[in-house]
Amino acid sequence: MSMDFGAPADDPKVFRNICRDRILKDLLKPDKDKETKSSWKVLIMDKFTVKIMGYACKMAEITDAGISLVEDLFKRREPMPSMDAIYFLQPLKENVIMLLSDMSGRCPLYRKAYIFFSSPIPKELVTYIKNDSSVIPRIGALREMNLEFFTIDMQGFVTDHDTALVDLYGPSDNSKVFNDTITTMATRIATTFASLKEFPSVRYRAPKGDVSTTTKFDMVPKWLATAVWDIVSKYKSTIPEFPQKETCELLIVDRPIDQIAPVIHEWTYDAMCHDLLEMDGTKYIYEVSKAGSDPEQKEAVLEDHDPLWLELRHAHIADASERLYEKMNTFVSKNKAAQLSRDGGEVSTRDLQKIVQALPQYSDQVEKLTLHIEIAGKINRFIREYGLRDIGQLEQDLVFGDAGAKEVISILRSKQDMSPENKLRLLIIYAIVYPEKFEGDKGDKLMQLAKLPHDDMDVIKCLRYLEGSDLKKSSRTGTFSLKFDAQKKKIAARTEKQDGEETWALSRFFPLIEELIEKLSKGELPLKEYPSMGEPSSAPQGTTQTASTAGPAQNPAPMSMRSRRTPTWAKSKNSGDSQSSDSSVLRHSSGDFKRLGNRIFVFMIGGATRSELRTVHKLTMKMKREIVLGSSSIDDPPQFISKMKSIGSANNK
């Protein structure tokens, strides 16, 4: 009897799988017509392409593709003149110099070189290669892969611009850094469309006000959209079989459109892991105790290859905890050996260790369950210890206009043990919803009440940089007005959704990209606010039954009855399972992508959030269109606050 953990999406037409297959088939098997199974090759990469490869493929897949050895371009390597080498490199002069050093002269390191560049190679570098006559006969292939992005999720990628928020929206006048960031980001975004052979219609958040009052910060989406459009338009004549007409939609926005999403507590399993646990990217370090020996430190990678993670990552933490225990109890109840290994009562961590010993054939499955039960348990302890239930409730109430100054002051006075980070996150949300409460010295008084240092006040002031305001000018006058835009003057920053979806308590909040994607799919996104680089499409490129035309469910699913494990605070008055799991349509489409509409891409400049990544999965299911989220980086709340502090410290210099 095995445990059903679900299965990862393995359809080759899913965004991430297309990128992986390009590497495995086009790059690692460049001469497949002449190859035999015994023709092993060496793979040589630079630091950047190593990261691309690491996000896209597993080492076992690379080995299965005929790679016997992976080498660093800039490290000393042993000559292997009887073997061919595949070079996957950025088109940089220093990389080309090293390549020529390997393959030129009387004794090259390898028999033949198959060279692949991650993005278009400048003509001068092509000429540089051609000028070395000893190398030309040894080149088996020289191609542009146009693959310069990192697939962090089945429907997500980043361009590896972790400092984009500071570089593009900070006070620095370094125009070279600013321009280089825009240029390289555009190149990497464009390579996603080259890889997919998709020609996007490109739209972007328009600058506010007229040309005379617009700052460079406010122009970032337009400049990036222009750069992306220029590159993808050239693909029509440079890439074979590239579409000549628009096949998908790309919407470019930036962090200023939604400053609440990076700091509000998100209550899904994935978000809470990255928010509350000390994780190194997707790696989680934990200890395993074994009888008669010291605890052993182990490392788990929380990614798509773990089917249990894939099933639970977008579930509310209360739902995830309940499901984990249900899976374990179901397994135990159906297996006599597991029952004998229990101490009685509910399944404990010690019971799980005994079950592994009694049932070695299920060790991998039980260990995964043990891992996730431990993680969920630790998160739930933090929720209790940090008082996150009350903090999270107030955050939601502020966003939806159900709370104000009285409630904020009350919680700051009553919860003296609230962490400085949680106080700051709460005050950031308060400042965004009620900007007038931070005019003059009002903000300083709130900071004093919260016992927060002055540089934390600078974080709130720096929110204005995300709106393109001149903070230095306001600092000189001694006044501070956090007037973001007309919309922020409303009492609520969000309006309750009336779409019939049932949500968990503390999960009413939704990122603003959700509304933008829905409007884009329906053809209702205003062109004045989100102009198009090319000719606007005459109709939305959705499916025959989009979210706007789909009728209500004829037989709505009954509301689930939560077990006694589910904390009462997690329930709403009509809580259901609509947001409780990763229900991406891509996992259940049986390979029939003809039923899905054209892809929608959303690119968030300045760092996307895990709530926004969850949103694209949810909307893919809802709208029957694959939606892909791209960003300069994926930021958890501590990372976002750290970047805002960098902007603040740079401004004070």
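**Charged pairs and burial**

Analyst: In this predicted model, Asp304 and Arg16 are both buried.

User: What makes Asp304 and Arg16 a salt bridge?

Analyst: The closest N and O atoms of Asp304 and Arg16 are 2.8 Å apart, and the cut-off is within 4 Å, so the pair is called a salt bridge. Asp304 lies in the loop between β11 (296-301) and α10 (307-312), whereas Arg16 belongs to helix α1 (residues 15-27), so the pair ties together parts that are 288 residues apart in sequence.

User: Why is Asp84 called buried?

Analyst: Asp84 has a relative accessible area of 9%, and buried means under 20%, so the label applies to Asp84. Asp84 also forms a salt bridge with Arg111, with the closest N and O atoms 2.9 Å apart. This pair links distant parts of the chain, since Arg111 sits in the loop between α4 (93-103) and β4 (113-117) and Asp84 in strand β3 (residues 84-89), 27 residues apart.

User: How do you know that Arg205 and Asp218 are buried?

Analyst: Arg205 has a relative accessible area of 6%, and Asp218 likewise has 6%; with the cut-off at under 20%, both are therefore buried. Salt bridges that share partners join Arg16, Asp153, Asp304 and Arg313 into one network.

User: How many salt bridges does the rule give?

Analyst: The count comes to 33 salt bridges.

Key:
Residues are numbered from 1 along each chain as its sequence is written. This is a predicted model: local features need pLDDT of at least 70, side-chain atom pairs count only at pLDDT 80 or more; totals for chains, interfaces and linings use all residues. Side-chain values use heavy atoms; hydrogens and water are left out. A salt bridge is a side-chain nitrogen of Lys or Arg within 4 Å of a carboxyl oxygen of Asp or Glu. Helices (H or I, at least four residues) and strands (E, at least two) are DSSP runs, numbered from the N terminus. Buried means under 20% relative accessible area, exposed over 50%, partly exposed in between (1.4 Å probe, protein chains only).
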